[in-house]
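Subject: A structure for you to look at

Hello,

I am passing a structure on to you, together with some notes.

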Amino acid sequence: QITTVSGNEFLLQSDIDFLILDWFHAIKNAIDRLPKEWSCTSRNLEFKLRRSSSIELLNSLDTESKEPKPEHRKSLIFRLNYSASDTNDRNRVKSRLKKFISRRPSLKTLQEKGLIKDQIFGSHLHLVCEHEKSTVPQFVRLCIKAVERRGLDVDGIYRVSGNLATIQKLRFVVNQEEKLNLDDSQWEDIHVVTGALKMFFRELPEPLFPYCFFEQFVEAIKIQDNATRIKSIRSLVKKLPRPNYDTMKILFEHLKKIAAKESVNLMSTQSLGIVFGPTLLRPEKETGNMAVHMLYQNQIVELMLSEYSKIFGSEED
């Protein structure tokens, strides 16, 4: 974080150590090339390395007395305080910083160069499955097992939100490490696990119900005759890409177990439909019918939970 006496603030952040250091040295060198009257006594340069969550806003160094943030993302925080009477010099520094920031490599470029590995959160479902050589992401399986092991009886499971900072920490760990132990004490709050699972589906570039299927599912749920409606939904589900179908099947089987404990956890199929409807299927472009779409989204999930065996079962069932 760069803060100038004129009130301008810049925040540079990265997961990669050498990039952070390159940024620091580039900015420091630019300052060192400033006119000599900008002596060391007229500016104070401090910097430190710290790890923070992926979306955490970095506070200034003035808040050092506060409790340190969880150490799970590396960031470079440095403050430049200087005084100068010449406005042109300040504008020159701002211009150099803008050029520096505009030239920074994109995430896609870094991924193509192998500097950043493929991540789990925010990646397309089929790419995650291809990378893992499976049809259901390992993270989804781990979350489901953890919830079924210690969360089926928890009041408001999936409805109650977990601590966002801890969820972001889990997200970071999943993206950076190959192995994940959800039985670790830092993930003991089951709402953190459910929150991370919902975030995984919410951050898919294309939802679990692909965009091209959205209108078809909406039309199917509008059918008045229940048997015909179920048959239509089943037909659409069978047409889904394999990773989508397999992931959907294991997820809905899990949610059906949640609903079976409704008397204890107070999560009915309707409640789960409200929670997961907008997360699992949404239109590619939002229109003025958002409220109507949300109603259909909830109904689709609720029907698929209530009629799970008919929709995902074999033809003979």
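Below is what was found in it, from the whole chain down to single residues.

First, how to read the notes. This is a predicted model, in which local features need pLDDT of at least 70 and side-chain atom pairs count only at pLDDT 80 or more, while totals for chains, interfaces and linings use all residues. Residues are numbered from 1 along each chain as its sequence is written, and side-chain values use heavy atoms, with hydrogens and water left out.

The chain as a whole

The chain has 14 helices and four strands; these are DSSP runs numbered from the N terminus, with helices being H or I of at least four residues and strands E of at least two. Of its 317 residues, 45% are buried. Here buried means under 20% relative accessible area, exposed means over 50%, and partly exposed lies in between (1.4 Å probe, protein chains only). The accessible surface comes to about 17,300 Å², and carbon and sulfur atoms account for 50% of it; areas come from the Shrake-Rupley method with a 1.4 Å probe, and for residues only the protein chains shown count as cover. Contact means heavy atoms within 4.5 Å. Among contacts between residues at least 6 apart in sequence, 71% join residues at least 24 apart.

Salt bridges

Side chains of opposite charge can pair when their charged atoms come close. A salt bridge is counted when a side-chain nitrogen of Lys or Arg is within 4 Å of a carboxyl oxygen of Asp or Glu, and by this rule there are eight.

One of them joins Glu148 and Lys257, with the closest N and O atoms 3.4 Å apart. This pair links distant parts of the chain, as Glu148 sits in helix α5 (residues 138-150) and Lys257 in helix α10 (residues 242-260), 109 residues apart. Glu148 is partly exposed at 25% relative accessible area, and Lys257 is partly exposed at 37%.

Helix α10 also holds Arg242 and Asp246, four residues apart, or about one turn of the helix. Their salt bridge has its closest N and O atoms 2.5 Å apart. Are these two partners buried or exposed? Arg242 is exposed, at 56%, whereas Asp246 is buried, at 14%. Elsewhere, salt bridges with shared partners join Arg149, Arg150 and Asp183 into one network.

A charged patch and a buried threonine

Arg33, Arg96, Lys99 and Arg103 gather in a patch of positive charge on the surface. Patches are made of residues with over 30% relative accessible area and no salt bridge, joining like charges within 9 Å and nonpolar side chains (Val, Leu, Ile, Met, Phe, Trp, Tyr) within 5 Å. Lys and Arg count as positive and Asp and Glu as negative, leaving out His and the chain ends; the place of a charge is NZ of Lys, CZ of Arg, CG of Asp or CD of Glu. Arg96 belongs to helix α2 (residues 87-102) and is partly exposed, at 32%.

Finally, Thr279 in helix α12 (residues 269-280) is buried, at 7%. Leaving aside neighbours within four places in sequence, Thr279 is in contact with Lys198, Phe201 and Arg202.

Best wishes
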